[in-house]
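Below are some notes for a colleague who is opening this structure for the first time. They are set out as numbered points.

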Amino acid sequence: MAKKIPLRHFPIHRRGEGVQPAELAPTLIWAATAAVLAFAVVYPSGVLILSSFKTPEGYGLGNYLAVFRDKAIANSVLNTIRVVFPSTLFSTALGVFLAWAVTRTDVPGRGLWRSLLAIPYLIPPFIGAISWTFLLGPVGFFNQLWQSVTGAAQPLVDLYSLGGMVFVMSIYRYAVPYVVVLPAMKKVNAAVEEAARVSGAGPWRTLRDVTLPLLTPSILGATLLVFMFILADFGVSAVLGAPNQIRLMTTQIYAIINRPDLPGNLQLAAAYSLLLALFGLLGLALYNRVLAAQKYVVVSGKSAPVQPTPLGNGKWGLFAFLVLVFAVTTLAPVLAALTTAFTKTFGLPFGPGNITLRNFARLLSIRNIRRAFGNSFFLSAASALIVTVVALAVAYVAIRGGIRRFWGVGLMQTMVTVPYAVPGTIIALAMILAFAQPLPVTGLRLYGTIWILLVAYVARFMNLGYNNISGAITQIDSSLEEASRISGANHLKAFSSIMLPLLKPSLYGSFFLVVAPTLSEITLSSLLWSVGNETVGTVVFSTQEEGKILLTAALAVVLVTIVVVLNYLVRWLTKDDLGI
């Protein structure tokens with residue numbers, strides 16, 4: 001049998017024809033893609049690194065030495081350790097346990113629980129933190145009830161603490177390991193667990209000695225993802241840490257940036273940011289190694305149907321636990337936000353005489369809020385469109401290979417991936433340092449305009465579109481394009497007539513996958529917004545800081561509704577049910 005030679009090895013141009021416009025177009029597209037990534041990622045990153053070494057005396061290690069000597073920075077590192085590690089452990093343990101409960105046991109309502117327990121995955125954590133202040137804040141419903149019943153002078157629970165941060169981050173980030181581990185849990189060969197039960201092992205021992213060891217790679221990957229998300233968190237720590245001046249590394253960077261009285265504050269923040277970035281990049285490197293080393297997971301594409309582990313009367317105890325988890329993670333904060341949003345006077349009992357729609361009507365009457373929604377919708381749509389186009393170009397070339405004029409594929413993939421692995425405060429600082437001064441040659445100044453937010457969003461969320469599109473491309477047989485090329489179509493024609501129609505659902509999914517988080521984005525926006533360029537996230541954050549509780553609740557309800565609807569639209573377009 002003759003060896004099949006891929007079409008990409010054949011010359012691009014026919015003899016004597018020269019360079020045809022249709023064949024030149026892919027190279028021009030690739031060059032434009034490289035220019036976008038260089039402008040949004042490489043240039044700001046280079047300026048950030050260079051600035052970290054800049055001191056009044058010249059270039060040196062002075063900023064790094066100052067970072068290690070600063071007690072406030074040292075305290076922020078310790079606070080970060082106290083929050084990130086327990087939150088990561090609690091989130092992972094809870095997420096993995098819940099995935100096991102709804103896939104491998106006979107708990108009543110398993111199918112419904114799979115969907116209900118995934119809802120926190122769709123809610124922005126900083127909105128969840130604000131919702132919990134309505135319950136456990138100093139004048140929250142629970143503390144008010146406690147004080148009225150017991151006559152206590154002080155609230156029972158202090159949410160504005162390190163413990164409060166651990167609690168809120170854990171109950172919202174558990175959904176990450178839940179969503180990651182659940183599909184792998186469903187694919188574990190049921191015969192392996194059945195063999196353990198036949199040998200006399202109970203459900204708990206089977207879980208401990210058989211199921212969990214087989215899922216170790218997935219669990220480790222989920223743990224690293226949670227670690228990176230919590231390490232990068234700004235919203236929760238800003239909402240819950242501000243009242244008592246408790247700062248983590250991300251909020252400490254925010255505080256340094258907003259201290260113009262501190263000489264060289266931006267350069268000091270740059271040095272501190274790079275130290276924080278190392279942790280995020282280390283987590284990304286370990287995560288990639290875990291993904292590449294899943295060699296001992298015993299799964300089978302055609303395994304026997306999963307037989308739920310019978311728990312006997314214990315299934316009702318597990319059912320009660322799931323009810324408790326759903327109530328704490330979803331029902332209680334959502335109801336608290338809804339109740340507060342419809343309250344006429346906060347602090348009085350909620351009832352017929354204390355219900356109003358005025359708070360929602362005020363959203364339409366306040367000019368900066370209307371403008372913020374307009375800005376956020378524009379930024380979300382524009383960044384999603386740019387991300388989808390750039391991610392498509394990078395993913396297609398990285399997976400399909402192709403024309404020999406393409407260069408720097410590995411570098412382009414790195415530029416797409418890295419910004420999502422480091423905290424958003426670092427991305428925002430890089431944008432400030434890069435674009436605060438007029439750009440070389442053009443003289444354009446992006447700082448103080450809406451365009452700096454657009455560049456930051458594109459850099460930050462590029463990886464979301466890339467992962468979605470690259471996964472879809474790998475599932476399309478390359479022989480379809482080869483058949484088109486054999487029939488005389490050039491490279492661009494084959495791509496537009498074969499790949500684009502097949503990728504259309506994934507492209508729509510990629511678009512909305514970026515729209516959803518950018519609408520509720522807070523970390524980048526809190527540092528890059530300016531008067532007239534507010535976003536929904538910054539408006540929610542500022543109204544909460546100003547103590548406008550009723551208005552904050554109405555904004556939170558509207559934002560959560562929009563984000564949840566968009567997320568379910570993404571799942572419908574991409575035929576992805578969150579793994580459930």
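**Notes on helix 7 and other sites**

1. Helix 7 has these buried residues: Gly 164, Met 165, Val 166, Val 168, Met 169, Ser 170, Ile 171, Tyr 172 and Arg 173. The model is a predicted one. Because nine of the twelve residues of helix 7 are buried, the helix is largely enclosed by the rest of the structure.

2. What covers those buried residues? The cover over the buried part of helix 7 includes helix 3, helix 5 (125-136), helix 8 (175-187), helix 11 (216-231), helix 12 (235-241) and helix 15.

3. The length of helix 7 (residues 162-173) can be checked. At 1.5 Å a residue, its twelve residues should span 16 Å, and the C-alpha atoms at its ends are 16 Å apart, which agrees.

4. Helix 3, one of the helices covering helix 7, runs over residues 71-104 and contains Val 96. Val 96 has a relative accessibility of 7%, so it counts as buried. Beyond its neighbours within four places in sequence, Val 96 is in contact with Val 181, Met 185, Leu 212 and Ile 219. From Val 96 to Leu 215 the C-alpha to C-alpha distance is 9.6 Å, while 119 residues separate the two in sequence.

5. The largest nonpolar core holds 167 residues, and those touching the most other members are Leu 117, Tyr 178, Leu 240, Met 431 and Leu 528. Helix 20 (residues 450-474) supplies the largest share of this core, with 16 residues. In soluble globular proteins, nonpolar side chains tend to be buried together.

6. There is also a nonpolar patch on the surface, formed by Leu 331, Val 334, Leu 335 and Leu 338, with about 290 Å² of accessible area together. Leu 335 belongs to helix 15, another part of the cover over helix 7. Its relative accessible area is 44%, so Leu 335 is partly exposed. An α-helix has 3.6 residues a turn, so residues three or four places apart point the same way.

7. Is Thr 343 buried or exposed? Its relative accessibility is 2%, so Thr 343 counts as buried. Thr 343 sits in the loop that joins helix 15 (314-341) and helix 16 (358-365). Residues up to four places away in sequence aside, Thr 343 touches Phe 350, Asn 354, Thr 356, Asn 359 and Leu 550.

Terms used. Residues numbered from 1 in each chain as written. Predicted model: local features only at pLDDT ≥ 70, side-chain atom pairs only at ≥ 80, totals over all residues. Heavy atoms only, no water. Helix = DSSP H or I, 4+ residues; strand = E, 2+ residues; numbered from the N terminus. Buried < 20%, exposed > 50% of the residue type's maximum accessible area, 1.4 Å probe, protein only. Contact = heavy atoms within 4.5 Å. Patch = residues over 30% accessible without salt bridge, like charges linked within 9 Å, V, L, I, M, F, W, Y side chains within 5 Å. Areas by Shrake-Rupley, 256 points an atom, 1.4 Å probe, with all protein chains shown as cover. Salt bridge = Lys/Arg side-chain N within 4 Å of Asp/Glu carboxyl O. Core = buried A, V, L, I, M, F, W, Y, C linked by side-chain atoms within 4.5 Å. Expected span 1.5 Å × (residues − 1).
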